[in-house]
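Here's a quick briefing to read alongside the structure. Let's look at how two chains meet, and then at one chain by itself.

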Protein chains: 2
Amino acid sequence: MGGTRRVANDPLRRQRILDAALAVIAERGVHGTSHRGIAAEAGVPLGSLTYYFDSLDAIFEQAFQQLADSMSEHYRTALTQAGDVAEACLAVTDLICGDQYASARELTLLHEMYAYANHSKAVAETCAQWLGRSRASLSQHFPDRAARAIDALIEGWPMHQAWEHEPLDRELVRATITAIAQRFA
Amino acid sequence: MGGTRRVANDPLRRQRILDAALAVIAERGVHGTSHRGIAAEAGVPLGSLTYYFDSLDAIFEQAFQQLADSMSEHYRTALTQAGDVAEACLAVTDLICGDQYASARELTLLHEMYAYANHSKAVAETCAQWLGRSRASLSQHFPDRAARAIDALIEGWPMHQAWEHEPLDRELVRATITAIAQRFA
DNA sequence: ACCAAGTGTGTACGGTCGTACGCACTTGAG
DNA sequence: CTCAAGTGCGTACGACCGTACACACTTGGT
């Protein structure tokens, strides 16, 4: 029953468009991102974008959703690998200081996502989910109150660092995390 | 010597344009802000914008500079009024939880500024200055290491809160600040 | 009074944007 | 093979954008 089934010729194209969108946003910001820029970056014709996505806003929404998903996942694995609280503190320190979470590209994209979320209901929801998942990862090792405080720190420290000229003091970060963990143990 | 001196008819106009720019950015984001939108908000003709400012980027740069200045000032007075470390901890708690620094409007504008700074040398410099001044205010009461950690928290916590549904736990914030202050006393 | 020069604005132009849409191509059912 | 239906794309259109600029207005010096 139900009509004939057709198969997409290029099922990866949709994904490549989303990747290209994030690349353009990282380089030029949401304010400098257009259908044509994304199409050029992805190497697909302009018509493809309107075929796969309803609007430019829809592209942003789904691209940011993908960003949040991949960051949540990275976040989760980093904390799941930790065996005890001490290791968890170290994992968090790496998250803050390392080039993994805090790479310039991811930080830039995060800023763009937060800015965009203030004007998009859908992306605001994405942010809320990403927040919830990051706290859930933290809760594997820390009590709720500590998780909240540490989460705020993970957010704020790399953001501050983005405008700083000197590198982040790794030992200072570790000591701060440990102090919070002990305070709310 | 030097030609004749002329006087501006409306010396406040420049300032009103900058205020209008921030209003439009807060409401529609940088990506939705145009010369015409700002002109309508300020109640001035379109030509005024190109007369007072070289380009739209220049307007953004100066509007964000003004934002950073006013926030730095608010920040500084809040901390200067504190008499000792305990009062400073309370002042910081207010900064994080209160509606003053953390009002939805200021938070939105901050997100927009950070996002824009990744693509503008001038605004990046504005961010760096604003960061330096906030840490200087903190240094009135806290040693350098504590100031850095607390500063990160002030940045991250309200940002996190923006996507949270329940209100911030004021007592948790105070306890965290105090713990950091004691750890690096 | 007259003029040079600074102040302010309405309009228009070239360009880019988001999106719609007609058309070619592909494919599986009959 | 035939064809209906889904897939994919080139092009075009109306809207809006940033900016330039010609032109009026105001004012201080002479």
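Between chain A and chain B, 15 residue pairs are in polar contact, both residues being at pLDDT 80 or more; a polar contact is a pair of N or O atoms within 3.5 Å, where within protein one must be able to donate a hydrogen and the other to accept it, and residues adjacent in sequence count only if both atoms are side-chain atoms. Keep in mind that this is a predicted model, where local features need pLDDT of at least 70, side-chain atom pairs count only at pLDDT 80 or more, and totals for chains, interfaces and linings use all residues. Residues are numbered from 1 along each chain as its sequence is written, chains are lettered from A in the order in which they are written, and side-chain values use heavy atoms, with hydrogens and water left out.

**What chain A brings to chain B**
- Helix 1 (13-28), helix 6 (104-117), helix 7 (121-138), helix 8 (144-161) and helix 9 (170-183) of chain A each give two or more residues to the side that touches chain B; helices here are DSSP runs (H or I, at least four residues), numbered from the N terminus.
- Helix 8 of chain A gives the most to that side, with 11 residues.
- By class, the side of chain A that touches chain B has 22 nonpolar, 10 polar and 12 charged residues.

**Salt bridges**
- You'll find 6 salt bridges between chain A and chain B, each a side-chain nitrogen of Lys or Arg within 4 Å of a carboxyl oxygen of Asp or Glu.
- One of them pairs Asp169(A) with Arg145(B), and their closest N and O atoms are 3.5 Å apart.

**Area**
- Chain A and chain B bury about 3900 Å² between them, 68% of it on carbon and sulfur atoms; this is the accessible area (1.4 Å probe) that two parts lose on being put together, summed over both.
- His119(A), His160(A) and Trp163(A) supply 20% of the area that chain A buries against chain B, more than any other three residues.

**Symmetry**
- A rotation of 180 degrees with 0.0 Å of shift along its axis puts chain A on chain B, with an RMSD of 0.1 Å, by least squares on the C-alpha atoms of residues with pLDDT of at least 70 in both.
- So the two copies are related as by a two-fold rotation axis.

**Chain A by itself**
- Chain A has 9 helices and 0 strands.
- Its C-alpha atoms fill a box of roughly 60 × 50 × 25 Å, taken along the principal axes.
- Of the 185 residues of chain A, 52% count as buried, meaning under 20% relative accessible area (1.4 Å probe, protein chains only).

Note on methods
Ala, Val, Leu, Ile, Met, Phe, Trp, Tyr, Cys and Pro count as nonpolar, Asp, Glu, Lys and Arg as charged, and the others, Gly among them, as polar. Buried means under 20% relative accessible area, exposed over 50%, partly exposed in between (1.4 Å probe, protein chains only).
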